[in-house]
Amino acid sequence: MKTIQVPAKDQLNPISQSILETVESKMGKIPNLYAVIGYSSSALKAMLDTEAALSTDSSFSAKEREAVNLIVSQINNCDYCLAAHTMIGKMRGYTQEDTLAIRKAQFSDVKLNAVIVLAKSITSNKGAADPYDLERFFEAGYDEKALVELTALIALRSFTNYVFANTKIPVDFPEAASL
């Protein structure tokens, strides 16, 4: 079976190199997953543009988006994204216990837990949310805009989860705790 290698920046096309230089200047490093996605400059650009777009005029705060990232990565069994988003979640103010509660879809904040449970339902059911979970989401105060954005966040995180699932590149973030 072919082993996918994490490319050095200079092994990628000039567009990916330029994009990854920007990533490196912001993050202080180029995460292995971003480098692998850089094999396709279009996919790398689309991922980062989508991430940026979903951060602008969003129904969800950066902290709430990290909760979605954690539950989707848990359902998709993505060790890479669990590690990265546990670290980022802690940077956004979650405790270790919070990250574990999110991954179990048992977070103490009722409104945020409605988002987490719906994200889990959508991810687990290949897009088709359980009607009960969808109703709890709307009852928690979310609207159609939030539902569409949540679906986009799930698709974005599933993309990175799937890249990892098919490449099994080394995880370059501290390992997330087991549930």
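Cys 81 is buried, as its relative accessible area is 2% (buried means under 20% relative accessible area, exposed over 50% and partly exposed in between, with a 1.4 Å probe and protein chains only). Cys 78 also counts as buried, at 0% relative accessibility.

This is a predicted model, in which local features need pLDDT of at least 70, side-chain atom pairs count only at pLDDT 80 or more, and totals for chains, interfaces and linings use all residues. Residues are numbered from 1 along each chain as its sequence is written, and side-chain values use heavy atoms, with hydrogens and water left out.

## Disulfides

The whole structure was searched, and 0 disulfides were found (a disulfide is a pair of cysteine sulfur atoms within 2.5 Å). Cys 78 takes part in no disulfide; its nearest cysteine sulfur belongs to Cys 81 and lies 3.6 Å away. Cys 81 is likewise in no disulfide, with the sulfur of Cys 78 as its nearest, at 3.6 Å.

## Helices α4 and α6

Helix α4 spans residues 62–75 and helix α6 residues 96–103; their axes come within 8 Å and cross at roughly 55°. Helices here are DSSP runs (H or I, at least four residues), numbered from the N terminus. Axes are lines fitted to C-alpha atoms over the stretch in contact, and angles run from 0 to 180 degrees between N-to-C directions.

From α4, the contact involves Ala 67, Leu 70, Ile 71 and Gln 74, and from α6, Thr 99, Ile 102 and Arg 103 (contact means heavy atoms within 4.5 Å).

Note on methods:
Helix = DSSP H or I, 4+ residues; strand = E, 2+ residues; numbered from the N terminus.
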